[in-house]
Amino acid sequence: MFSEKRIMRKIALIVFIISIGAEIWLIAPSIIAHSLLKLGFPSTAAIFFNDPNWKGLALYKAGRWDEAAAIFKKSNSENYNLGNALAQNGQYDEAITAYERALVNQPDDEDAAFNKALLENTLQKISIPLNKKLSQPLHDSPATKIGGARDRPKTEENPGGGGAGLAAG
């Protein structure tokens, strides 16, 4: 009888340890990914992210805009981020379309409206070669669309900042 209790305790302990290990196995990649992203290693962080929105964000921050756009295209809720990735990748017409979809889903999204207008105005003024950068930065904050507050940079039209965007940089 004594040995049966002892065996049952050992089995319970093993099951407990296995369950803790399983939780750590599931949670650890996310913790590692977020830490790497905060430390400034977005390409490496992208490897560890399981959530496609965070993976797209990490790829975007790494300057891998075509890969980020491919991930954001799979999500209907990520049109703003898709627009930013496409614009950074030089796909301006597609970016405008993505911003339009973002505004259909969220008509008061000031950043999507600003970026859409910026691209439309720039494309009207001059013909932009696909490899040329825009002269004015986009309001660029994909992380905040996943969760967090955005701050608009100071501009001539908005000298106090505030609002909802973060200049690319």
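Author: Residues are numbered from 1 along each chain as its sequence is written, and because the model is predicted, local features need pLDDT of at least 70 and side-chain atom pairs count only at pLDDT 80 or more, while totals for chains, interfaces and linings use all residues. Side-chain values use heavy atoms, with hydrogens and water left out.

Reader: Why is Phe49 called buried?

Author: Buried means under 20% relative accessible area, exposed means over 50%, and partly exposed lies in between, with a 1.4 Å probe and protein chains only. Phe49 has a relative accessible area of 4%, so Phe49 is buried.

Reader: Why is Trp54 called partly exposed?

Author: The relative accessible area of Trp54 is 21%, so Trp54 counts as partly exposed.

Reader: What makes the pair of Phe49 and Trp54 stacked?

Author: Rings of Phe, Tyr and Trp (its six-membered ring) pair if their centres lie within 6.5 Å, and planes under 30 degrees apart count as stacked, over 60 as edge-to-face and the rest as tilted. The ring centres of Phe49 and Trp54 are 5.8 Å apart and the planes stand at 20°, so this pair is stacked.

Reader: Why is the pair of Tyr80 and Tyr99 called tilted?

Author: Here the ring centres are 6.2 Å apart and the planes stand at 50°, so the pair is tilted. The pair links distant parts of the chain, since Tyr80 lies in helix 5 and Tyr99 in helix 6, 19 residues apart; helices (H or I, at least four residues) are DSSP runs, numbered from the N terminus.

Reader: Which residues touch the most other members of the largest nonpolar core?

Author: A nonpolar core is a set of buried Ala, Val, Leu, Ile, Met, Phe, Trp, Tyr and Cys residues joined through side-chain atoms within 4.5 Å. The largest one has 28 residues, of which Tyr99 and Leu119 touch the most other members. Helix 6 gives the largest share of this core, seven residues.

Reader: How do you know that the buried residues of helix 4 are on the same side?

Author: In helix 4, Ala68, Ala69, Ile71 and Phe72 are buried. They cover an arc of only 165° around the axis, which puts them on the same side of helix 4; the arc is that of the directions from the helix axis to the C-beta atoms.

Conventions
Helix = DSSP H or I, 4+ residues; strand = E, 2+ residues; numbered from the N terminus.
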